[in-house]
2 protein chains.
Amino acid sequence: MAGHFAQDHNPPGAGMAVDELDGRLIVLLAREPRIGVLEASRRLGVARGTVQARMDRLQSNGVIRGFGPDVDPAALGYPVTAFATLEIKQGQGADVRAHLTSVPEVLELHTTTGHGDMLCRLVARSNADLQRVIDRVVGFDGIVRASTAIVMENPVPLRIIPLVEQASGLT
Amino acid sequence: MAGHFAQDHNPPGAGMAVDELDGRLIVLLAREPRIGVLEASRRLGVARGTVQARMDRLQSNGVIRGFGPDVDPAALGYPVTAFATLEIKQGQGADVRAHLTSVPEVLELHTTTGHGDMLCRLVARSNADLQRVIDRVVGFDGIVRASTAIVMENPVPLRIIPLVEQASGLT
DNA sequence: ACAAACACTGGACAATGTGCTCAGCAGTGG
DNA sequence: CCACTGCTGAGCACATTGTCCAGTGTTTGT
């Protein structure tokens with residue numbers, strides 16, 4: 001179960017070194033996720049054990065968190081995305097978090113600088129349904145005010161490859 | 001290469017039906033992404049061919065876009081995340097998109113309603129480095145103004161499971 | 001400069017999983 | 001009543017995985 005040569009299991013956030021082979025491996029995995037270790041080793045021109053060791057290390061490192069399926073909310077019936085900026089009462093942070101966590105349509109939540117606010121990503125079945133979601137989100141005592149921006153287009157979907165290429169020196 | 005029994009290849013966004021078995025499959029894949037078709041069929045208590053057919057269909061549907069590696073920017077050396085709201089000159093949308101697409105630190109870009117015209121997610125190596133990224137982002141003719149919110153905490157990381165459970169009737 | 005540690009190679013093995021196909025059976029709808 | 005669709009259980013040839021191992025450069029510490 002333990003990795004082949006992996007020996008470090010650093011807590012994330014430390015900025016692990018990622019060399020050029022790591023970068024090529026990640027990019028390859030991102031482009032063809034169903035590829036196996038053996039095929040990856042052929043594509044990269046290295047031995048299979050090397051790829052296995054690198055993948056073990058990248059996962060122990062936390063560089064690769066996992067390989068979760070990338071589910072499209074629109075295809076599930078939630079084609080409307082919005083971002084809501086929330087202003088909350090002092091000292092209510094924990095309660096608000098718990099409340100928002102319990103709402104399935106809240107896909108993501110951040111606390112930000114600014115006014116000591118929160119930013120969350122919402123989805124809904126329609127614009128009308130978005131009203132219901134927002135009502136549910138803001139219908140909670142600790143939330144003072146909310147402003148919502150509905151997403152029209154998504155010219156750059158969440159991506160990581162360019163950053164990986166830059167971080168690993170792949171030009 | 002074509003799926004076993006899959007016959008529909010609908011364009012995404014239509015709100016595909018997702019039944020309870022689909023839901024359980026997606027949740028299982030999300031929790032243990034490395035499991036194969038055979039193991040999944042054992043966990044779900046159905047035949048292997050069924051799981052294969054469901055996965056083919058979910059991918060043809062666009063419900064599952066892929067299985068890309070989930071890379072942590074922090075582990076790559078970019079621990080700072082921020083959201084920038086951009087106001088752009090009329091008619092410059094396409095140019096601004098192209099410009100932002102060329103910046104690796106721009107992980108995501110949306111056009112939104114409201115008067116902030118675009119919302120983008122940025123990462124940087126440090127708070128100081130964030131200044132460089134922002135300068136690069138806004139150093140473009142079509143961008144009139146930008147306001148940035150730095151992420152402090154991320155109480156709810158991007159998630160999809162609760163929505164899948166709701167959409168598929170898994171309570 | 002030398003030994004130890006490290007990373008990668010290339011090869012081997014059994015066990016397991018995959019892609020593919022088939023026949024049978026149940027529910028649905030024309 | 002028949003055609004169609006989806007699920008099952010089974011089987012087969014083949015590919016991949018997990019795991020070892022010995023050998024070879026390259027760093028690293030002292």
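1. How many of the residues of strand 5 of chain B are buried? In this predicted model, 7 of the 7 are buried, so strand 5 of chain B is largely enclosed by the rest of the structure; a residue counts as buried if 20 or more other C-beta atoms lie within 10 Å of its own, as exposed if 12 or fewer do, and as partly exposed in between, with C-beta atoms placed from the backbone. Helices (H or I, at least four residues) and strands (E, at least two) are DSSP runs numbered from the N terminus.

2. A word on conventions comes next. Residues are numbered from 1 along each chain as its sequence is written, while chains are lettered from A and ligands numbered from 1 in the order in which they are written. Since the model is predicted, local features need pLDDT of at least 70 and side-chain atom pairs count only at pLDDT 80 or more, whereas totals for chains, interfaces and linings use all residues.

3. Strand 5 of chain B has two antiparallel partners to consider, where strands pair if DSSP finds at least two bridges between them. Strand 3 (residues 80-88) of chain B is joined to strand 5 of chain B by 7 bridges, and here Phe83(B) has Arg121(B) as its bridge partner. Strand 4 of chain B pairs with strand 5 of chain B over 5 bridges, with Leu109(B) opposite Cys120(B) and Val106(B) opposite Leu122(B). The hairpin of strands 4 and 5 of chain B has 5 residues between the strands, and in it Gly114(B) takes a positive phi near 95 degrees.

4. Strand 4 of chain B also reaches across to the other chain, pairing in the antiparallel sense with strand 6 (residues 143-156) of chain A over 3 bridges. Val156(A) stands opposite Leu109(B), and Glu153(A) stands opposite Thr111(B). Of the 7 residues of strand 4 of chain B, 6 are buried, so this strand too is largely enclosed by the rest of the structure.

5. The contact between the chains takes 64 residues from chain B and 63 residues from chain A, two residues being in contact if their C-beta atoms, placed from the backbone, lie within 7 Å. The largest share of the side of chain B that touches chain A comes from strand 6 of chain B, with 8 residues. By class, this side has 39 nonpolar, 16 polar and 9 charged residues, where Ala, Val, Leu, Ile, Met, Phe, Trp, Tyr, Cys and Pro count as nonpolar, Asp, Glu, Lys and Arg as charged, and the others, Gly among them, as polar. Because 98% of the interface residues of chain B are also interface residues in chain A, the copies meet through the same surface.

6. Chain B can be laid on chain A with an RMSD of 0.5 Å by a turn of 180 degrees and a shift of 0.0 Å along the axis, the superposition being by least squares on the C-alpha atoms of residues with pLDDT of at least 70 in both copies. That is the relation of a two-fold axis. Among the residues of chain B, Phe67(B) comes closest to the rotation axis, at 2.8 Å (C-alpha).

7. Around DNA strand C there are 15 residues, of which Val46(A), Ala47(A), Thr50(A), Gly36(B) and Leu38(B) come nearest; a residue is near if its C-beta atom, placed from the backbone, lies within 6 Å of the strand. The residues of this surface divide into 8 nonpolar, 6 polar and 1 charged.
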